[in-house]
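Thanks for sending this one over. Here are my notes, written to be read with the structure open beside them.

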There are 2 protein chains.
Amino acid sequence: LILYGRNAVREALHGRRAVFRAWAEDERAAADARAAGVPVEMADTAGLEAICGSPDHQGMVCEAAPYPYADPGALLGGDEPLVVGLDQIQDPQNLGAICRSAEGAGASGVVIPERRAAEVTPAVCRASAGAVEHLPVARVRNLADFLLEAKEAGAWVYGADAAAGRLYTEVDWSGPAVMVLGSEGKGLRPRVQAACDDLVKVPLRGRVGSLNVAATAAILLFEAVRSRAGLRQGLDKST
Amino acid sequence: LILYGRNAVREALHGRRAVFRAWAEDERAAADARAAGVPVEMADTAGLEAICGSPDHQGMVCEAAPYPYADPGALLGGDEPLVVGLDQIQDPQNLGAICRSAEGAGASGVVIPERRAAEVTPAVCRASAGAVEHLPVARVRNLADFLLEAKEAGAWVYGADAAAGRLYTEVDWSGPAVMVLGSEGKGLRPRVQAACDDLVKVPLRGRVGSLNVAATAAILLFEAVRSRAGLRQGLDKST
């Protein structure tokens, strides 16, 4: 499996999966691979594009083991887990962007369905700036079933829905929590929506009527971080 | 100038610039154009791609007047303006995504430099889901000079900087405000940074060390919305 992109390759070199060899356009990129004990060959831009099949390689390409998906149940362990569930996100850019924000927010992981959804392809690794090498991403056969299991395990499940009555700032993000985001344009499927404890919306004041799903994810993730930190500090009385 | 993408064309039909004619793949798309009084021709996928030069047209293309840039000074008027300043954002996807979030947050507008930055091209219109047709976007010769003018006009200028000492949740977003975001990877240039009243960061808990600039923009924009709404309601004592 061929990964490409400077950050994607760099994080893979220090992540959970094996990296077998690398190709680099310049010495600085090559040095990163050598420092990680990975054999490197030099190649020019066109050569790298031929190896990875994308012009978007930023001078660094590597061959790595398949993406090491996490165990979905394990994401719900630990202290105050925060899990992102994605219902049929199709766009690799969006999946990558959401994973990058989730990793930055210190989320426990991202859960995606096995079918009719983007997988963690090299394009997703690139779009996540390598965040998927550190963030656990799990695949489940059925997202609604996973949400029911999460509830049994004590998590509160919030679905993002533009038609929800409650604002995302009005709910309690403390304790084990799962936030669920629907596919671009279509939102949550009925069974997934029914498995949520509560639906929340980001208030919109413009004319366009929807946010990009990766923007919504970033807003909800960092509201959870803010609200949890505020509760710990006893400073915030608003939620 | 040829615009493409279902939302991009639909919002252009109801936006500030003239739309001269449209091409549509199906009757539903054609009806939107006709309802706006714009002549429509039917075309197939390949025909639409030939007209707009992109496979990403979603069955709808139109010919429109050039993008109507706003007057930068006008963005600072009105009640409690919230302006986004972008320092050399190069990626059309990021510029479009930021404009979409800014429009959704009810921001007054986005200011971009004239040089070494993405303009509001058809790709940006597409990436913004048409939000740029409603959101004022202004170009300035020098972003630092604009920030100084904004300060003279009474605005508080916050720069996003990963190395800042203050969290974005610790500052006062009420009153006229400008948030400034730096280019991908490079951050704010020294003169732009020097023109800010305060630098703020989004706290990161992962290993990757940075968020996508469009994610940062979404987080800051909706924190400003949340904090302003909270202050108005007198509910929030945390900021």
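1. Salt bridges overall. Over all chains, a search of the whole structure finds 30 salt bridges, each being a side-chain nitrogen of Lys or Arg within 4 Å of a carboxyl oxygen of Asp or Glu. Do keep in mind that this is a predicted model, where local features need pLDDT of at least 70, side-chain atom pairs count only at pLDDT 80 or more, and totals for chains, interfaces and linings use all residues. Residues are numbered from 1 along each chain as its sequence is written, chains are lettered from A and ligands numbered from 1 in the order in which they are written, and side-chain values use heavy atoms, with hydrogens and water left out.

2. Two pairs within chain A. Arg34(A) bridges to Glu27(A) with the closest N and O atoms 3.3 Å apart. Arg228(A) pairs with Glu80(A) at 3.9 Å between the closest N and O atoms. This pair links distant parts of the chain, 148 residues apart: Arg228(A) is in helix α8, Glu80(A) in the loop between β4 (60-64) and β5 (82-87). Helices (H or I, at least four residues) and strands (E, at least two) are DSSP runs, numbered from the N terminus. Arg228(A) is buried at 8%, while Glu80(A) is partly exposed at 24%.

3. Across the interface. How many salt bridges does the rule find between chain A and chain B? It finds two. In one of them, Arg226(B) meets Glu223(A), with the closest N and O atoms 4.0 Å apart. Arg226(B) is buried at 8%, and Glu223(A) is buried at 3%. Glu223(A), Arg226(A), Glu223(B) and Arg226(B) are linked in a salt-bridge network.

4. The interface as a whole. Contact (heavy atoms within 4.5 Å) involves 36 residues of chain A and 35 residues of chain B. The buried area, meaning accessible area (1.4 Å probe) lost on putting two parts together, summed over both, is about 2,800 Å², with carbon and sulfur atoms giving 58%. Arg100(A), Arg205(A) and Val208(A) supply 22% of what chain A buries against chain B, more than any other three residues.

5. Chain A itself. Chain A has eight helices and eleven strands, and buried residues make up 53% of its 239 residues. Its C-alpha atoms fill a box of roughly 55 × 35 × 35 Å along the principal axes.

Notes: Buried < 20%, exposed > 50% of the residue type's maximum accessible area, 1.4 Å probe, protein only.
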